[in-house]
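Please look over the sequence and the model below before reading on. The briefing that follows starts with the whole chain and then turns to single residues.

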Amino acid sequence: MNKRKPLDERRAEIVEAGLSVALREGVESVTVRRVAQEAGISLGTVHYCFDDKDAMLRAMGRSIAMRASEPVLRALEAGPDRRALAEATVDAMLLGLKEHQHMRLLTFEFAVSGARTPVLREVAQAHLRQSIAMTREYLVRLAEVVGITWATDIDDLARMTALRIDGIELAWMVDQDDAAAREGFAVLTRDVFDEMRPTEP
């Protein structure tokens, strides 16, 4: 007798199926029915795992954001030396972009679809919030590793940093210029590190 898969595992499978459809056919092709077909499961199973299509799309956005942030969070293993951390962060951002370029392109497609289509706007806004939240998590962990505080409000810093990353990545999608992207990430990293202040004793 087959055991029913745990809910988290089934949700992860549905998210992967949704991403496959979106990458191959575009964001607007992602429907509950199409994803169910891709995953080889019933419509009822998808509805059991997600309240609606928007919930499924938001889960897809979280998955993309988490994959994009993993290399940068690993860069914190470079330790408290600021120069080593900065170099590791730049390397990680470029590596993550190149390894997950199709996923990052999908993020931009979500944004454009949300700007164009009111129905998808809430989903696109959720994806933007997730991107900023992941950036904020990096800044919080970075402050802990180095032992500093931020001169700028961390929420403002996270938003502006996330938006600048998007701009650098979008330019790379167009020109595929690794050197330009690396320089962009390096300038961004220097600007962020300039916001560091010693922790008050």
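Of the 201 residues in this protein, 43% count as buried, and it should be kept in mind throughout that the model is a predicted one. The protein contains nine helices and two strands, which follow one another along the sequence in the pattern α-α-α-α-α-α-α-β-α-α-β.

**The protein as a whole**

- Taken along the principal axes, the C-alpha atoms fill a box of roughly 60 × 40 × 30 Å.
- The accessible surface of the protein comes to about 11,100 Å², and carbon and sulfur atoms account for 53% of that surface.

**The nonpolar cores**

- In soluble globular proteins, nonpolar side chains tend to be buried together.
- The largest nonpolar core here has 35 residues, and those that touch the most other members are Tyr138, Leu139, Leu142, Trp150, Phe185, Phe193 and Met196.
- The elements giving two or more residues to this core are α4 (53-75), α5 (82-99), α7 (118-146), β1 (148-150), α8 (154-175) and α9 (178-193), and the largest share, eight residues, is supplied by α8.
- Phe193 is in contact with Arg82, Leu85, Ala86, Tyr138 and Leu142, once its neighbours within four places in sequence are left aside.
- Another core lies apart from the largest one, and its 26 residues include Val27, Ala36, Ala55 and Leu106.

- Arg104 is placed in helix α6, which covers residues 101-116, whereas Glu169 is placed in helix α8.
- Why does Arg104 count as buried? Arg104 is buried because its relative accessible area is 8%, and the limit for being buried is under 20%.
- Glu169 likewise counts as buried, with a relative accessibility of 6%.
- The side chains of Arg104 and Glu169 make a polar contact of 2.4 Å, and a polar contact of 2.9 Å joins the side chain of Arg104 to that of Asp166.
- Beyond residues up to four places away in sequence, Arg104 touches Ala68, Leu97, Asp166, Glu169 and Met173.
- With its neighbours within four places in sequence left aside, Glu169 is in contact with Leu97, Arg104, Phe108 and Phe185.

- Leaving out neighbours within four places in sequence, Met93 is in contact with Val72, Ile165, Phe185 and Thr189.
- Met93 and Leu73 are 20 residues apart along the chain, and their C-alpha atoms are separated by 9.9 Å.
- Leu188 lies in helix α9 and counts as buried at 3% relative accessibility.
- The contacts of Leu188, again leaving aside neighbours within four places in sequence, are with Thr161, Arg164, Ile165 and Ile168.
- Between the C-alpha atoms of Leu188 and Leu95, which stand 93 residues apart along the chain, the separation is 16 Å.

- Lys5 is placed in the segment before α1 (7-25), and at 34% relative accessibility it counts as partly exposed.
- Apart from neighbours within four places in sequence, Lys5 is in contact with Arg10 and Glu13.
- Gln176 lies in the loop between α8 and α9 and is partly exposed, with a relative accessible area of 41%.
- Most residues other than glycine have a negative phi.
- Gln176, although it is not a glycine, has a positive phi of about 55°.

Terms used: Residues are numbered from 1 along each chain as its sequence is written. This is a predicted model: local features need pLDDT of at least 70, side-chain atom pairs count only at pLDDT 80 or more; totals for chains, interfaces and linings use all residues. Side-chain values use heavy atoms; hydrogens and water are left out. Helices (H or I, at least four residues) and strands (E, at least two) are DSSP runs, numbered from the N terminus. Buried means under 20% relative accessible area, exposed over 50%, partly exposed in between (1.4 Å probe, protein chains only). A polar contact is a pair of N or O atoms within 3.5 Å; within protein, one must be able to donate a hydrogen and the other to accept it, and residues adjacent in sequence count only if both atoms are side-chain atoms. Contact means heavy atoms within 4.5 Å. A nonpolar core is a set of buried Ala, Val, Leu, Ile, Met, Phe, Trp, Tyr and Cys residues joined through side-chain atoms within 4.5 Å. Accessible areas come from the Shrake-Rupley method with a 1.4 Å probe; for residues, only the protein chains shown count as cover.
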